[in-house]
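Please read this note beside the structure, taking the points in order.

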Amino acid sequence: MNVASKNTVSRHIALIDVNNFYVSCERVFNPKLVGKPVVVLSNNDGCAIARSNEVKALGVPMGAPWFKMKDLARQHGIVALSSNYALYADMSNRVMSILREYSPDQEVYSIDESFLDLTGFKSRDLIRHGQHMRQRILRWTGLPVCVGIGATKTLAKLANHCAKKRLVFNGVCNFNTMTQLELDDLLSQIEVGEVWGIGRKLAPKLQVLGVNTVLDLKLANPERLRQQFSVVLEKTIRELNGTVCIELEDIIPPKQQIMSSRSFGQSVRDYNSLAESITLYMSTAAVKLRKQQSLAGAVHIYIRTSPFKPDNPQYSNGMTISLPCPSDDTRQLVNFALWGLKQIYKPNYDYAKAGVMLSELVTAQSVQTDLFCVQASPKSIALMTAMDSINRKMGKESIKLASEGFKRPWKMKQGNKSPSYTTRWRDLPVIN
């Protein structure tokens, strides 16, 4: 093929990504934040997990601890917000439902990213199609997005990167409309670390081999790099050359393990506070378990002190309990978890974190029973269904186990959390 001719591709895959997602969600409901440097902090307001472009321009890296940023924040007026996961999840669902109208083949890749297969729409002007997506999402949700289109998922991710970083594309970059010469010239200007799956750890190793840009990686020998690294890197190289190796997942497979854990807002010593936290985390995990229509065959719990306080006495321990019969009943799962907690708890330690994990998951329809396995009663199933329905309709924890506690002095710090604008009635914005 003439390198100056258009790419002849069989697939047109798009990646749609919300710009600075957490920050953008906050700005939708608080327009005063637009144009200001904003960071969203992790659990217990620990470190930056989302940064506005203004904060990125100040050189603040992802994951920077908040306490190290405070002088810079005072100097430049950085606004720090606690994570509002309920708001972000709801806004994500709205974006994904809008994108579903643009293609029947969708893979929700993360909370702020979605792949669409647009191959069936290739007769259309896909750049205009992408602009229509951007305008509708902005108009219906207030969130800014960028669109990248390529012959494979890896190229679509890279095109999305270009759509974000290069103003010439106006938020939509379609590699499939470029000539091979134009595309290679563009790839030669992008560092290899920007490729999906390469990142900061693998990039230096590739640079030692003279692979500095995306074009260098595209032209590399896939078999040789597979021997030196992995089959994943071989697939990446082939995808950069337009061969589809990673298909869209239309149906997200059920999780094989479900974990729920948090660091405490303040250290915990007494058993009752630990029991409250374990009950809360298990209740959260059980809801996720029922949502994917699975049953758990084993429960794992753990507690630990803070490794960041080496002068304090250190202790950590965990325990896995096999269930006599797989279950999704919150009450049963909590009972087993609390039994395990009694076995591993030791007094006079400052505990900093606790967590639970559900494993040996099976679908409710395929569970194998024996003579000693008692199946969940209709009353149990009806109770769990009612609890989930009430909490979906009236808000999280509208109904819960009393052993979750009410005051929760140990709960994680969220001193700068915005209201739950879209998921709690009393937090609905009011316009006078």
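1. In which sense do β5 and β6 pair, and over how many bridges? The strands β5 and β6 (residues 113-117) pair in the antiparallel sense, over 4 bridges, where pairing requires that DSSP finds at least two bridges between two strands. Strands here are DSSP runs of E with at least two residues, and helices are runs of H or I with at least four, numbered from the N terminus. Within this pair, Gln106 stands opposite Leu116 in β6.

2. This is a predicted model, in which local features need pLDDT of at least 70 and side-chain atom pairs count only at pLDDT 80 or more, while totals for chains, interfaces and linings use all residues. Residues are numbered from 1 along each chain as its sequence is written, and side-chain values use heavy atoms, with hydrogens and water left out.

3. The order β5-β6-β1-β7-β8 describes an open sheet of 5 strands with mixed pairing. Because β5 (106-110) and β8 (172-174) stand at the edges with a single partner strand each, one side of each is left without a neighbour in the sheet.

4. Helix α6 (residues 153-165) packs against helix α11 (residues 231-240) at an angle of about 70°, with their axes 7 Å apart; axes are lines fitted to C-alpha atoms, for helices over the stretch in contact, and angles run from 0 to 180 degrees between N-to-C directions. That makes α6 roughly perpendicular to α11, a term that covers 65 to 115 degrees. In this packing, Lys153, Thr154, Leu155 and Leu158 in α6 meet Thr236, Glu239 and Leu240 in α11, contact meaning heavy atoms within 4.5 Å.

Key
Parallel < 35°, antiparallel > 145°, perpendicular 65-115°, else oblique.
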